[in-house]
Amino acid sequence: MPLYEFECEKCGHQFEELASLNSDATPTCPECGGQSHKLMSTGALHIEAASPLDRKPDAKFHDNMNKAMKRRAVAAAACPGKKNGSCSGCTNC
Ligand SMILES: [Zn+2]
């Protein structure tokens, strides 16, 4: 049975409860005993919460890689000895 998130209509308390997909029955609030309504499944919530965090470092990493490679390409192209092989040990080529 999947975990669902419920919100109390009386006090707004949110809690997780195992519930049947086919059942419309909602559990009562563990805080005040009031009627609750179903929010989205916690599975969907976790995916939503995790994806921006997963993407950020990745995008930043690729961004830094691109910047570093561009800098290196520009520096190598600027080396006067690169074309005729007379470079005497610059750090760029
Ligand atoms: Zn409540």
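Reader: Quick one to start. Is Pro2 buried or exposed?
Author: Pro2 is exposed, because it has 11 C-beta neighbours inside 10 Å. The cut-off for exposed is 12 or fewer. Keep in mind that this is a predicted model.

Reader: Where is Pro2 found?
Author: Pro2 sits in the segment before strand 1.

Reader: And how far is Pro2 from Glu17?
Author: Their C-alpha atoms are separated by 8.5 Å. Along the chain, Pro2 and Glu17 are 15 residues apart.

Reader: OK, strand 1. Which side chains there are buried?
Author: Tyr4, Phe6 and Cys8. They point to one face.

Reader: How do strand 1 and strand 2 run, parallel or antiparallel?
Author: Antiparallel. Five bridges join strand 1, residues 3-8, to strand 2, residues 14-18.

Reader: What do the two strands form?
Author: A hairpin, with five residues between the strands. Gly12 is in the turn and has a positive phi of about 80 degrees.

Reader: How much of the protein counts as buried?
Author: 5% of its 93 residues.

Reader: What about contacts between residues at least 24 apart?
Author: They make up 35% of the contacts between residues at least 6 apart in sequence.

Reader: Now Gly34. Where is that?
Author: Gly34 is in the loop between strand 2 and strand 3, and strand 3 covers 36-41.

Reader: How exposed is Gly34?
Author: Gly34 counts as partly exposed, because it has 13 C-beta neighbours inside 10 Å.

Reader: Which residues is Gly34 in contact with?
Author: Leaving aside neighbours within four places in sequence, they are Cys8, Glu9, Lys10, Cys11, Thr28 and Cys29. Take Cys8: it is 26 residues from Gly34 in sequence, and 6.3 Å away in space, C-alpha to C-alpha.

Reader: What is Gly81 in contact with?
Author: Ser86, Cys87 and Ser88, leaving aside neighbours within four places in sequence.

Reader: Last topic, confidence. What pLDDT does the protein average?
Author: The average is 76, and 63% of the residues score at least 70.

Reader: Where is confidence lowest and highest?
Author: Lowest in helix 1, with a mean of 68. Highest in strand 2, at 89.

Key:
Residues numbered from 1 in each chain as written. Buried ≥ 20, exposed ≤ 12 C-beta atoms within 10 Å, placed from the backbone. Helix = DSSP H or I, 4+ residues; strand = E, 2+ residues; numbered from the N terminus. Pairing = 2+ DSSP bridges. Contact = placed C-beta atoms within 7 Å. pLDDT = per-residue confidence, 0-100.
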